[in-house]
Amino acid sequence: MQSAAEAPEAGDPGAAPDPSPFDEDAPSSIPPDELERLHGDLVSALKTVFDPEIPVDIYELGLIYKIDVDDDRNIEIEMTLTAPGCPVAGEMPGWVQNAVASVPGVGQVDVNLVFDPPWDMSRMSDEARLALNMF
């Protein structure tokens, strides 16, 4: 399985979505150029999903902790929410699943909601901070 790196702990350098949540060094039978295209397509799909209360996509918010792509192109995503009591907690994993499943060539998509480590603002990308005037 192409295993993605765990997200850095809150406050650590690199806690924002860059570097990629994909483990680029994990072995895979998928050709490298195809895997690179798939990674880009997955990120693009994730960037179409927004928390309705925040005008920034979930990828830039740092809500995506891990993305695994296995050799059959099945996708497993670990994500969190800005708060456990988020009003769309029951719906957002389905939105993510639908967005990722729309990527051509993707097999099954599983989205797991996790709350450890808890999300905090240090996980946001610079793009998200700029959009929210948080500099």
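Predicted model: local features only at pLDDT ≥ 70, side-chain atom pairs only at ≥ 80, totals over all residues.
Local features need pLDDT of at least 70, side-chain atom pairs count only at pLDDT 80 or more, and totals for chains, interfaces and linings use all residues. Residues are numbered from 1 along each chain as its sequence is written, and side-chain values use heavy atoms, with hydrogens and water left out.

**Exercise 1.** State how many salt bridges the model contains.

Solution. A salt bridge requires a side-chain nitrogen of Lys or Arg within 4 Å of a carboxyl oxygen of Asp or Glu. Under this rule, the count is 5 salt bridges.

**Exercise 2.** Determine which parts of the chain the pair E34 and R73 ties together.

Solution. Step 1: the side chains of E34 and R73 form a salt bridge, at 2.6 Å from N to O. Step 2: E34 lies in helix α1 (residues 32-46) and R73 in the loop between β1 (64-69) and β2 (75-79), so the pair ties together parts 39 residues apart in sequence. Here helices (H or I, at least four residues) and strands (E, at least two) are DSSP runs, numbered from the N terminus.

**Exercise 3.** Classify K47 and E60 by accessibility.

Solution. Step 1: buried means under 20% relative accessible area, exposed over 50%, and partly exposed in between (1.4 Å probe, protein chains only). Step 2: K47, at 28%, is partly exposed, whereas E60, at 6%, is buried.

**Exercise 4.** Describe the salt bridge between K66 and E78.

Solution. Step 1: the closest N and O atoms of K66 and E78 are 3.6 Å apart. Step 2: K66 is in strand β1 and E78 in strand β2, 12 residues apart. Step 3: K66, D68 and E78 are linked in a network of salt bridges.
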